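Take a look at the structure first, and then let's go through its inner space and its helix packing.

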Amino acid sequence: MGHLDHAAYGWLTPVLSYVMATIGAALGLRCTVRALAATGPSRRNWLLTAASAFATCIWTMHFIAMLGFHITGTEIHYNVPLTLLSLLVALLVVGAGLFAVGYGRDRGRSLVLGGLTTGLGVASMHYLGMAALRLHGRISYDPLIVGISVALAVVAATAALWAALHIRSPLAVAGASLLMGGAVSSMHYTGMMAVGVRVTPSAQALPGATALQFIFPLAVGLGSYLFITAAFVALSPTADERAAFASASASASASASASVPLSVSATASGPVSVEGSGPVSAAGSGPAPASATGGPRPSVRRAEPTR
């Protein structure tokens, strides 16, 4: 049996993988909160963004942790198509779980179905990624520990969806993200504890790409995507902010309308000149009425237009 080292670079890869899982969880939760407050195409778009954030962070966390996975007596390469398939599986199953919660009428049943689907998908992503390993030897798994890791994945996914449904404040989202990051990382390292490797020394070149050739650049690219998505979410107004802006705009429009003076147009052909202090009748050709006090009627004459 080859000696397995899950942290060849010390605490660097475990801490980085936990940080990535936490950031992705926070981003996915914020997008899901926005989705549940939206309707129509906006809800769909926010759910797609949340799914990509969750799936990307889980996948990136897994392979950042795998950068620290070494086996004495053999190199480790990765089958590129299988590795990309594991990312696609993560995107599809996380998206299915979020859409079940986002559009389900029965929230309880949707939560259970979404959590089970997403959890099994996350576990599938993990073990597909492990199946992509190419090394001189044979990998075996402890079925009991594999079962525990799958159960952890289902619990973590269900907790994430429950948090998306019930948590609204940024502080609560931050706390839930820290817990979810720990749950996802625990699932990964529990699954890795199930691994056993029987090394067969060989001088033959391994197929596939090394971690630094493929996994590291891809992880950096996906991490950059998460950063850009986080900036987009931070700059996008929430539903409450949009409602407040609409209310303020309506109030400003009403105030502006109330302050505009009335414009009176005369039917006569020229300006009217008023002499006297009494009231003036409406414009027209007839004489003005007498004042209410019986005094003389005011003299109204029409000014000649300027030539």
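A cavity is a set of points, on a 1 Å grid over the protein atoms alone, where a 1.4 Å probe fits but cannot get out. Grid points are joined across faces, edges and corners, and a volume is the space filled by probe spheres set on the points. With that in hand, the whole structure turns out to hold 1 cavity of 30 Å³ or more.

This is a predicted model, in which local features need pLDDT of at least 70 and side-chain atom pairs count only at pLDDT 80 or more, while totals for chains, interfaces and linings use all residues. Residues are numbered from 1 along each chain as its sequence is written, and side-chain values use heavy atoms, with hydrogens and water left out.

**The cavity**

- The largest cavity contains about 210 Å³ of space.
- Its lining (residues with an atom within 4 Å of a point) has 18 residues, and I58, A156, A157, A160 and V184 lie nearest the centre.
- Two or more lining residues come from each of α1 (12-36), α2 (41-67), α3 (80-103), α4 (107-131), α5 (143-166) and α6 (170-193); helices here are DSSP runs of H or I with at least four residues, numbered from the N terminus.
- The helix that gives the most to this lining is α5, with 5 residues.
- By class, the lining has 16 nonpolar, 2 polar and no charged residues, where Ala, Val, Leu, Ile, Met, Phe, Trp, Tyr, Cys and Pro count as nonpolar, Asp, Glu, Lys and Arg as charged, and the others, Gly among them, as polar.

**α1 with α6**

- The axes of α1 and α6 are 7 Å apart, at an angle of about 135 degrees; axes are lines fitted to C-alpha atoms over the stretch in contact, and angles run from 0 to 180 degrees between N-to-C directions.
- That angle makes α1 oblique to α6 (under 35 degrees counts as roughly parallel, over 145 as roughly antiparallel, 65 to 115 as roughly perpendicular and the rest as oblique).
- α1 and α6 cross in a right-handed way, meaning that the near helix is turned clockwise from the far one by less than a right angle.

**α1 with α5**

- α1 packs on α5 at about 45 degrees, with axes 8 Å apart, and the two are therefore oblique to each other.
- Their crossing is right-handed.
- L29, T32, V33 and L36 of α1 meet A160, A163, A164 and L165 of α5.
- The contact of α1 with α5 divides into 7 nonpolar, 1 polar and no charged residues.

**α2 with α3**

- α2 and α3 have axes 8 Å apart and an angle of about 140 degrees, so they are oblique to each other.
- The crossing of α2 and α3 is right-handed.
- The contact includes F54 and W59 in α2, and L91 and F99 in α3.
- By class, the contact of α2 with α3 has 15 nonpolar, 5 polar and 2 charged residues.

Note on methods. 1 Å grid on protein atoms, 1.4 Å probe; cavity = no way out; pocket = protein on both sides within 12 Å on 5 of 7 lines; lining within 4 Å. Contact = heavy atoms within 4.5 Å.
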